[in-house]
Amino acid sequence: MTYIVNEKCVNCRFTDCVEVCPVDCFYLGENTIVIHPDECIDCGVCEPECPAEAIVPDTDMNDELQYWLDFNTKYSQEWPNITEKIDPLPDADDWNGKDGKKDLVSTQPGPEE
C-alpha cells in the first residue's frame with residue numbers, strides 16, 4: 001500500500017504533510033506535490049495533516065485513483081525532493097475545496113529547496 005496525492009492539492013500545495021513524513025518521500029511540482037510510492041512506508045501520518053484532504057490511501061483503487069498513482073509515480077522521479085514545510089501557493093485558500101482541478105495540474109518541477 002501507498003498514499004497518493006490527488007487533484008485536491010493542485011493550486012494549493014500545502015506542505016504540512018512533508019513536515020511529518022519520516023522518510024522524505026514527497027516531491028515538489030510547480031503547483032502540487034507528489035508521493036514516491038516506492039519510498040512511502042504506508043505510515044499514514046501525512047494524511048490527516050493535509051488541509052486540502054488531498055492525500056488518500058490506495059486501498060480503494062479505481063480509475064481516477066489509478067491516474068493519480070501513475071502521476072505520483074512518474075513525477076516523483078522527475079521533481080526535486082522536498083523535506084521541509086514551505087509556504088502554500090499564494091491563492092491556496094481560494095483554491096482549497098474546489099473540484100475539477102485535474103486539468104490545471106502543471107508537470108513542471110517546483111523550485112529546488
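Here is a short tour of this predicted model, stop by stop.

Before you click, note that residues are numbered from 1 along each chain as its sequence is written. Local features need pLDDT of at least 70 and side-chain atom pairs count only at pLDDT 80 or more, while totals for chains, interfaces and linings use all residues, and side-chain values use heavy atoms, with hydrogens and water left out.

Helices (H or I, at least four residues) and strands (E, at least two) are DSSP runs, numbered from the N terminus.

**Stop two: Ile33.** Leaving out residues up to four places away in sequence, isoleucine 33 touches, among them, Val5, Phe14, Val18, Tyr27 and Trp79. Contact means heavy atoms within 4.5 Å.

**Stop three: two loop residues.** Most residues other than glycine have a negative phi. Go to asparagine 11, in the loop between β1 (3-5) and α1 (16-20): its phi is positive, about 70°. Asparagine 11 is buried, at 14% relative accessible area (buried is under 20%, exposed over 50%, partly exposed in between, with a 1.4 Å probe and protein chains only). Then pick aspartate 24, in the loop between α1 and β2 (26-28). Phi there is also positive, near 50°, and aspartate 24 is partly exposed, at 31%.
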